[in-house]
Amino acid sequence: MTDLTSYRNIGIFAHVDAGKTTTTERILKLTGKIHKIGEVHDGAATTDFMDQEQERGITIQSAATTCFWNDHRLNIIDTPGHVDFTIEVYRSLKVLDGGVGVFCGSGGVEPQSETNWRYANDSGVSRIIFVNKLDRMGADFYRVVKQVEDVLGANPLVMTLPIGIEDDFSGVVDLLTRKAWIWDDSGDPTKYEITDVPDDMKDKVEEYREKLIETAVEQDDEAMEKYLEGEEPDLDTIKRCIRKGTIDLVFFPTFCGSAFKNKGVQNVLNAVVDYLPNPVEVKPQPEVDLEGNETGEFAIVDPEKPLRALAFKIMDDRYGALTFTRIYTGKLEKGTNILNTFTGKTERIGRIVEMHADSREERDSAQAGDIVAIVGMKNVQTGHTLCDPKHPATLEPMVFPDPVISIAVSPKDKAASEKMGIALSKMVQEDPSFHVETDEESGETIIKGMGELHLDIKVDILKRTHSVDVEVGKPQVAYRETITQGVDDSYTHKKQTGGSGQFAKIDYRIEPAEVGSGFTFESKVTGGNVPREYWPAVEKGFKTSIEKGVLAGYPCLDFKVTLEDGAFHAVDSSAVAFEIASKAAYRQSMPKAGPQLLEPIMKVDVFTPEDHVGDVIGDLNRRRGMIQGQEAGHTGVRVKADAPLSEMFGYIGDLRTMTSGRGQFSMEFSHYAPCPNNVAEVIIAQAAELKKAS
């Protein structure tokens, strides 16, 4: 039986280019998992094993690996930083107990860092902070600490201070022990010496150490009392206080270094062991019923309890489908049967493997606290609960955002058509933010995703990994429709042709609802004019109709239908008749309710050198962007804006031209907003043309 207190399930997350993957490489080297360090810029990093990752120097899918440090087992997931792949971060955070947030010493708190931090807050994940790249031009540890406070609204607990900066960065001072860790220039992370604090830093070290201890002892009344009486607690007490505050998300221990230059990574590893929670210390996962309501039961981490596990990622490779699974309670054993509560089917566990990026080690069993991959599961998808068939239960599922951009893809020949279907179904299983559908009218295959880069990578995977040659259409925006005014209306469905007839009459009100509420239905019928058993049929008729709006055929959002009265016939009425009536009522009343086209608005965050700010803002205004603010940084200016997705295609090329290749931007979906009339008219006309053509 493994001691769960020695487990740490952690994720490494940050903005693109802050050095997550490099930090993971150094951790693997220090823990003896790899013997030669692979560099991201050479395309040789262990956890970036996809061709697309190695070429672009970015992480696309989260990679899992296991290593050991100070007799503790670390299950590590390296996550992507690019905004189009935040789904990977979200689902990784869902199953982790702790995280390391990596921030760039010169870039500071960048757009994607904010999104990831928000996800981690939502998931209640304890974190430590690593301010990386302090050897870079323009690096400033103290500025980044201030940004963590101001931008993220977090409380960083500074644990180490940098010795030197930029080219002179040589090591760090550990505030707790008042010792300096200084590395030599050989690039070997194990070649360092621990010495006294440099004289010119002594005052600063004392100032920050006092802050550190004051903050830490607030977690323990007894230690606080002694400290106020002038007695400093011993090291173990301080560490215990820091651990408690970290697990309770009161503060975030903050370290500094340069992963690329191999400086400061040991301190981060020690902090993972000392301050991040083990699986037993984390708030247990709530269990839910089939409708998604909490049952009040929790999956408490315990190997002796019935099995509860969450499949959080599906990955296809040459040996078959791999289902990455976090085990919360119980044991998973080879050859046993488990129940998937989502499908209601049982499956046999064939092989269990422990992953190290794309290589694996076979295991006979795994237990609560483990993150493993199961080979060859047939019907399991991301977010499904796997459990003991004798004690069924469902864990809180994952919620994924809807895609906002789509393109049509078509195979170049008949032979590629079948291959494309198989490849796309595998890709949909792997990535819940990637959708595929067939346009009924044109017969085209439409793929949908979170951004241009997301779909670009998917097409690349189709071509290279699955050898399917496809032609790609122009990107399309996922518009929506809604209504702006309430309408009271009535509809009668009568059909009298041989045999029993059909009859249903409904009086109803359709009205706009709160933004984000989707579709809601209520019945106010009294006196049995529409019997209660027909109400679900009325709701179903409206609900199935919302997929096609009346303006341009886009799904309809945020409106409420109230069934107020109606009539039925003792013989001719049926659920089907009422469903048909409500479908016809939708088509009849929606055009009267002031229908309006909505477009997806993106939160855009642009980094530009100072001398190009005017050009960038002018260009965003031309794209119908609303500037929300700008912040001057050390190396440039960040411009924040809300802009319609339809105007942002190809933006990266224009931005690079405007800023002589130095600009960067990130973009994520924010909300839907009404389309201006001139834009809406064009879209509605295009939809009508397409309909006519097909």
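Predicted model: local features only at pLDDT ≥ 70, side-chain atom pairs only at ≥ 80, totals over all residues.
An open sheet of four strands was identified in the order E31-E32-E34-E33, with mixed pairing. The edge positions are held by E31 (487-495) and E33 (519-523); each has a single partner strand, so one side of each lacks a neighbour in the sheet. On average, neighbouring strands of this sheet are turned by 25° against each other, direction ignored. Within the sheet, E31 and E32 (residues 502-512) run antiparallel and are joined by nine bridges, His493 standing opposite Ala504 of E32. Helix H12 (residues 535-545) packs on the sheet, where it touches E32, E33 and E34 (559-567), and its direction makes about 155° with that of E33. Helix H13 (residues 575-589) lies across E31, E32 and E34 and runs at about 40° to E32.

Packing between helices was examined for H6 and H7. Two packed helices are described by the angle between their axes and the distance between the axes. For H6 (residues 202-217) and H7 (residues 221-228), the angle is about 140° and the axes are 8 Å apart. The two helices are therefore oblique to each other, since only angles over 145 degrees count as roughly antiparallel. The contact brings Glu210, Ile213, Glu214 and Val217 of H6 against Ala223, Met224 and Tyr227 of H7. By class, this contact comprises five nonpolar and two charged residues, with no polar residue.

Helix H10 (residues 414-430) contains 17 residues and spans 25 Å from its first C-alpha to its last, close to the 24 Å expected at 1.5 Å a residue. Its buried residues are Ala416, Met420, Ala423, Leu424, Met427 and Glu430. An α-helix has 3.6 residues a turn, so residues three or four places apart point the same way.

Terms used
Residues numbered from 1 in each chain as written. Heavy atoms only, no water. Expected span 1.5 Å × (residues − 1). Buried < 20%, exposed > 50% of the residue type's maximum accessible area, 1.4 Å probe, protein only. Axes fitted to C-alpha atoms, helices over the stretch in contact; angles between N-to-C directions. Parallel < 35°, antiparallel > 145°, perpendicular 65-115°, else oblique. Contact = heavy atoms within 4.5 Å. Nonpolar A, V, L, I, M, F, W, Y, C, P; charged D, E, K, R; others polar. Pairing = 2+ DSSP bridges.
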